[in-house]
Amino acid sequence: IAYGKETLSALALKLPGFDGILSFFMSPGKEFADELSTRLKVIAGLEKPNLMHTEDFYLKENKKLLEELERSLKTEKKDSILVLWGPHEDIETARDVIEERCMLLFDGVPGETRKGLLDGTTIFERVLPGPDRMYPDTDSAPIPIENSYIEKIENSLPISIEDRFSQMKSWDIPDDVNVYLMKKNLLPVLEELHTNFEIDQKFLSCLFGHYIKNLEGRYKKNFPYTKLPVVFQYMKSQSIVFEKIKDVSKILIENPNMEPESLFSTAGFVKKDKKEIIAMIPELKKNFSKIRKSKNDGAEKRWLMGRLKDLSTGNIPLKELEAEID
């Protein structure tokens with residue numbers, strides 16, 4: 001049949017014993033035929049109007065067409081005729097939709113999802129989930145996904161726990177900090193600091209899992225790890241030895257928004273030249289010899305390290321200071 005600019009296929013169906021059912025009242029302004037019409041639109045994709053039947057005005061008034069249909073379908077008095085139309089490729093599905101919904105009449109009210117309208121009535125929206133309608137949603141057209149998008153997601157997936165433990169072992173990280181690092185998801189932070197500032201992974205793991213963990217327990221606060229890259233960048237720009245981070249961490253946990261310059265000032269850091277610090281060692285040795293009471297061989301070294309530690313931390317690596325004292 002010609003329908004506007006389209007050519008559609010039509011199908012006439014005999015519904016045995018359905019006389020009076022197609023016009024049966026369902027809700028204000030809605031009859032059973034409207035249920036069929038809505039299902040044809042939702043499931044078979046046939047835009048309305050998509051059907052007519054022997055109980056509506058059009059077929060009753062077109063007696064010649066009605067007589068031809070009754071003769072072709074060999075109907076009896078209690079039968080109804082339903083005519084539907086749409087694209088040829090959808091007609092078979094449409095026939096199955098009509099058959100299924102008519103058969104459901106014998107079971108009672110079907111289990112389905114319905115859409116509420118402003119006038120208080122409802123229309124069919126979709127069948128309930130089941131083996132024939134599990135996800136992806138059959139009401140939505142499939143969305144193609146490019147392989148490049150899948151690869152991008154795969155590349156952004158976090159490293160597995162097993163690989164993380166192997167990684168920590170290869171870095172010689174102490175076993176007693178593993179749980180803390182994993183629980184706080186600190187390995188990405190550790191990797192970032194190691195990559196950007198060439199800081200030893202073992203030093204960072206002990207800083208996190210021993211020192212900062214202790215600070216969190218003492219102050220009952222979470223440490224602002226996201227601030228560390230900015231602090232380390234400042235230390236690098238000022239040639240401050242990274243060991244000074246411990247003193248600064250005490251202040252940072254209570255003042256997470258404090259600027260790096262203020263952090264080091266509050267920590268009492270004074271920039272000193274390494275040679276200037278080393279030059280102080282001979283004079284301090286003389287002073288110790290005057291006040292020495294312990295006969296222990298390591299007493300002098302411990303006293304010198306104690307006197308120079310606060311001044312040296314951040315200006316010279318403590319291992320290097322120890323070597324100079326030796």
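Four helices, α9 (201-219), α11 (245-252), α15 (299-312) and α16 (318-325), each supply at least two residues of the lining of the largest pocket. Helices here are DSSP runs of H or I with at least four residues, numbered from the N terminus. This is a predicted model: local features need pLDDT of at least 70, side-chain atom pairs need pLDDT 80 or more, and totals for chains, interfaces and linings use all residues. Residues are numbered from 1 along each chain as its sequence is written, and side-chain values use heavy atoms, without hydrogens and water.

**Pocket**

The largest pocket has a volume of about 620 Å³. A pocket is an open set of points on a 1 Å grid over the protein atoms alone, where a 1.4 Å probe fits, with protein on both sides within 12 Å along at least five of seven lines. Lining residues have an atom within 4 Å of a point. Volume is the space filled by probe spheres set on the points, which are joined across faces, edges and corners.

The lining has 25 residues. Phe203, Glu243, Lys246, Thr313 and Leu318 lie nearest the pocket centre. Helix α9 gives the most to the lining, with 6 residues. The lining divides into 12 nonpolar, 4 polar and 9 charged residues. Nonpolar covers Ala, Val, Leu, Ile, Met, Phe, Trp, Tyr, Cys and Pro; charged covers Asp, Glu, Lys and Arg; the others, Gly among them, are polar.

**Nonpolar core**

The largest nonpolar core has 35 residues. Such a core joins buried Ala, Val, Leu, Ile, Met, Phe, Trp, Tyr and Cys residues through side-chain atoms within 4.5 Å. Buried means under 20% relative accessible area (1.4 Å probe, protein chains only). Leu181, Leu193, Phe208, Leu228 and Phe232 have the most contacts inside this core. Helix α9 gives the most to this core, with 6 residues.

**Aromatic rings**

The whole structure holds 8 aromatic pairs. Rings of Phe, Tyr and Trp (its six-membered ring) pair if their centres lie within 6.5 Å, and planes over 60 degrees apart count as edge-to-face. Two edge-to-face pairs follow.

| Pair | Centre to centre | Angle between planes |
|---|---|---|
| Phe223 and Tyr225 | 5.0 Å | 65° |
| Phe264 and Phe269 | 6.1 Å | 70° |

Phe223 counts as buried because its relative accessibility is 6%. Tyr225 is buried at 9%. Phe264 is buried at 2%, and Phe269 at 17%. Phe197, Phe232 and Phe242 form one aromatic cluster.

Methods: Rings of Phe, Tyr and Trp (its six-membered ring) pair if their centres lie within 6.5 Å; planes under 30 degrees apart count as stacked, over 60 as edge-to-face and the rest as tilted. Buried means under 20% relative accessible area, exposed over 50%, partly exposed in between (1.4 Å probe, protein chains only).
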